[in-house]
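Please open the model in your viewer and keep the sequence panel at hand.

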Amino acid sequence: MVRESNNIYSDTTVEVALLGEIEGTCITHAKSEKIAHEFSTIPVFKNRHEILMNLKEIVLRSNLYGIHDASICVKGPGYVTSQDIILPRSVEIINNTQHIVSLTEPLNLAIELQTERNRDYRVKPPNNFQGGGYSIDDVFIPVRNANHSVHSYGNENEKQEILFLEIWTNGSLTPKEALHEASRNLID
C-alpha cells in the first residue's frame, strides 16, 4: 500500500524520479554495408536482428551530451565483443565482454555506430532502415528497478518512520549515484 508521507512528495515520487528522470548513454544507430536490412542473413553469421539486439544490450557511461560516433572494425573469423568498439575518450563501456557476433569465416566487418546521452525510452518505427543504417530502440534508463517500503518504529508516544529504498542499476552508475541524481532532479 502506498501512503502519502508528511513530505512534499509521496514515496512513489522517488521511484518515478529514479526510473524516468535519470539520464543514460546508449548506442542509437548502426550502419554497415554488410547489414542489408534488419532480418537479412549471409552465411558468415546469423541475422542482423541478433547483432542489433546485442548492440542494444551494451551498457555505456558518459557525461557528454549530443550524438557521438563510434565504430567496430574487425576481421574474422572470431568472436566480436563490446571490447572491439572504438569509442570517444569520454564514453566508457561498462562490460567489455558483451557478445555482439561470432564471425565464422574470414570477413572484414565494419560497423559505424552512434551513441547518445538522454533520458527515458524511445521506440523506433519497425521499418526504419534508412541509408544503409538502422536506428536502435533507445533505452537511456540506467535504473532497472526501484522499490521502497516504509516502516514505523518507536513507542506509543513517539512514532517514527524509516524509508527503505532498493535500487538496481545497469552498472553505468551506482545506486547511490542514482539516488543522488534523482534527488537533485526532484529539488530542481
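## A buried glutamate and its partners

Begin by selecting Glu-23, which counts as buried at 14% relative accessibility; buried denotes under 20% relative accessible area, exposed over 50%, and partly exposed the range in between, with a 1.4 Å probe and protein chains only. The model is predicted, so local features need pLDDT of at least 70 and side-chain atom pairs count only at pLDDT 80 or more, while totals for chains, interfaces and linings use all residues. Residues are numbered from 1 along each chain as its sequence is written, and side-chain values use heavy atoms, with hydrogens and water left out.

Arg-117 and Glu-23 form a salt bridge whose closest N and O atoms lie 3.4 Å apart; the term requires a side-chain nitrogen of Lys or Arg within 4 Å of a carboxyl oxygen of Asp or Glu. This pair joins distant parts of the chain, with Arg-117 in strand β8 (residues 108-119) and Glu-23 in strand β1 (residues 23-31), 94 residues apart. Arg-117 is likewise buried, at a relative accessible area of 12%.

Now select Arg-119. A salt bridge connects Arg-119 with Glu-23, and the closest N and O atoms are 3.5 Å apart. Here too distant parts of the chain are linked, Glu-23 in strand β1 and Arg-119 in strand β8 being 96 residues apart. Arg-119 is partly exposed, with a relative accessible area of 32%.

## From strand to helix

Move to Arg-61 and Glu-177, which form a salt bridge with the closest N and O atoms 3.3 Å apart. Arg-61 lies in strand β2 (residues 60-62) and Glu-177 in helix α3 (residues 175-187), so that distant parts of the chain, 116 residues apart, are linked. Arg-61 is partly exposed at 31% relative accessible area, and Glu-177 is partly exposed at 33%.

## The whole chain

Finally, select the entire chain. How many salt bridges does the structure hold? The structure holds five. The secondary structure comprises three helices and 14 strands, taken as DSSP runs numbered from the N terminus (helices H or I, at least four residues; strands E, at least two). Of the 188 residues, 38% count as buried. Among contacts with a separation of 6 or more, 67% involve residues 24 or more positions apart, a contact being heavy atoms within 4.5 Å.
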